[in-house]
Amino acid sequence: MSLAASLDELSLSNSFAALPPDFYTRLQPQGLNAPRLLHANEDAAALLGLDPRVLGSEAFLRVFAGLDPLPGGDTLAAVYSGHQFGVWAGQLGDGRAHLLGEVRGPEGNWELQLKGAGLTPYSRMGDGRAVLRSSVREYLAGEAMHGLGIPTTRALALVVSDDPVVRETVETAAIVTRMAPSFVRFGSFEHWASRRQPERLRELADYVIDRFYPDCRAAGEGGAPYLALLREVVGRTARLMAQWQNVGFCHGVMNTDNMSILGLTLDYGPYGFMDAFRLDHICNHSDSEGRYAWNRQPSAALWNLYRLGGALNVLIGDVDTVKAELAAFEPQFVTAFHDGMAAKLGIGPWRPDDEALLDDLLKLMHDQRADFTLTFRRLSDAARGQPQPFLDLYIDREAAAAWLQRWSARQAEAGGEREAAAQAMDRVNPLYVLRNHLAEDAIRAAKQGDASIIIKLLRILKNPFVTHLDAEAYAGLPPDWASDIEVSCSS
């Protein structure tokens, strides 16, 4: 497949726009004044089959600044509903997002969505804009998660402007173009169930099944395909939660309208990768009750799946079978989490008695505020016979050494050569994650029109498991000022 030399040459599908008009509102974005392209992502462009030379064109800037439509696209804002912090919020929708169209790429289809492109009928009390600060964070986040091998939306372009946007202070506007095979959410299903419109609910479920889960059609007649859909979403969500937990990632706003029907990490707002570990770490300053703390994310996901199951039961018609599918979440999550942790610890296949070893490590990390990422990364040093880097993360080195001795004995039981085990651990324990202070450095530079830190971070985070020679500072403990960074729902 030859690369498209212009946006006009992209192959578009616009399948979501082919649904009935009740699912969305067609409207054009409200573009930025005097926009500037801060950065465009060549890796994301390749997914679209787009020649990277197009990224610097005026036509590219105008489309992704919200000034011109995507050639062949069908621009719209989607409607959905949802529970926010456990409370039914009713109708929501794309309050500051515009779906430009769906591109047929070399290896799959990608919807392109502008975030921050102005008011829609679903903006409620918002202004439809996004600020530079939050846009840089979202632009980096999807690529960082992709580098870690975690399902996620991607980012194509970051366009900035001097247009003022009022948040806690007056900031400047930006638009981030994000990509996903679909932006359908749990809340998309809740919307039609809550409105008692089963035919619309069926149309949405059929669309999702036919586009993304075609094997569910083989499940049988009646409600069977929709039960199979729920089964698939439960499995994907369980595995996604395990991956989040395994890297110390906190989403921050796990509302049902922020949960992807495809099991992607969706809607990056007040997210965070933990520095000093706390079992109950809260990354969102707005989450005063700790509903979405790190150790509560799996249970929050299950709660959200129950809301999805309740909506789909309108089509399935059998509460007991729905509950049975939802009951599969916990064992699938636990298996995926344990398998991931066994690989991170380098102890071979998980055994039931490994629970105590892991629990004691997490308690040790929690009590001493040890760095999450470096704790696991430096275990490979210990596997090579160099325990000191690991011990240096702990104030009570005697307690850390006692745990390390237990771990070393368990690793010896797993067998194998030490260096091979250490290398295997390095392939699953990242050296670099998108820490808040690194994102903050990128934001500060971006405010001056400087994309150099974004560029460097994208290069490092593309492969976070190998040592980058010029990136020692990106792999160290955070500076003292990092503890003062707060991210909230306005982030």
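This is a predicted model: local features need pLDDT of at least 70, side-chain atom pairs count only at pLDDT 80 or more; totals for chains, interfaces and linings use all residues.
## Packing of helices 6 and 9

Helix 6, spanning residues 224-247, packs against helix 9, residues 329-345, at an angle of about 35 degrees. The two axes lie 8 Å apart, and the crossing of helix 6 over helix 9 is right-handed.

On the helix 6 side, the residues that meet helix 9 are Val234, Gly235, Thr237, Ala238, Arg239, Met241, Ala242, Gln245 and Asn246. Helix 9 contributes Phe329, Gln332, Phe333, Ala336, Phe337, Gly340, Met341 and Lys344. By class, the residues of this contact comprise 9 nonpolar, 6 polar and 2 charged.

## Nonpolar cores

The largest nonpolar core contains 131 residues. Within this core, the residues with the most contacts are Phe16, Phe189, Val208, Trp403, Trp407 and Leu434. Helix 6 supplies the largest share of the core, with 13 residues. Apart from this core lies another, of 32 residues, which includes Ala45, Leu48, Val54 and Ala117.

When neighbours within four places in sequence are left aside, Trp403 is in contact with Leu345, Leu357, Asp360, Leu361, Leu364, Leu379 and Phe390.

## Residues with positive phi

Asn14, although not a glycine, has a positive phi of about 55 degrees. This residue belongs to the segment before strand 1 (24-26). Asn14 has a relative accessible area of 16% and is therefore buried, the limit being under 20%.

Arg196, likewise a residue other than glycine, has a positive phi near 55 degrees. Arg196 is located in the loop between helix 4 (186-194) and helix 5 (198-212). Because its relative accessible area is 72%, and exposed means over 50%, Arg196 is exposed.

How values were computed. Residues are numbered from 1 along each chain as its sequence is written. Side-chain values use heavy atoms; hydrogens and water are left out. Axes are lines fitted to C-alpha atoms, for helices over the stretch in contact, and angles run from 0 to 180 degrees between N-to-C directions. Helices (H or I, at least four residues) and strands (E, at least two) are DSSP runs, numbered from the N terminus. A crossing is left-handed if the near helix is turned anticlockwise from the far one by less than a right angle, and right-handed if clockwise. Contact means heavy atoms within 4.5 Å. Ala, Val, Leu, Ile, Met, Phe, Trp, Tyr, Cys and Pro count as nonpolar, Asp, Glu, Lys and Arg as charged, and the others, Gly among them, as polar. A nonpolar core is a set of buried Ala, Val, Leu, Ile, Met, Phe, Trp, Tyr and Cys residues joined through side-chain atoms within 4.5 Å. Buried means under 20% relative accessible area, exposed over 50%, partly exposed in between (1.4 Å probe, protein chains only).
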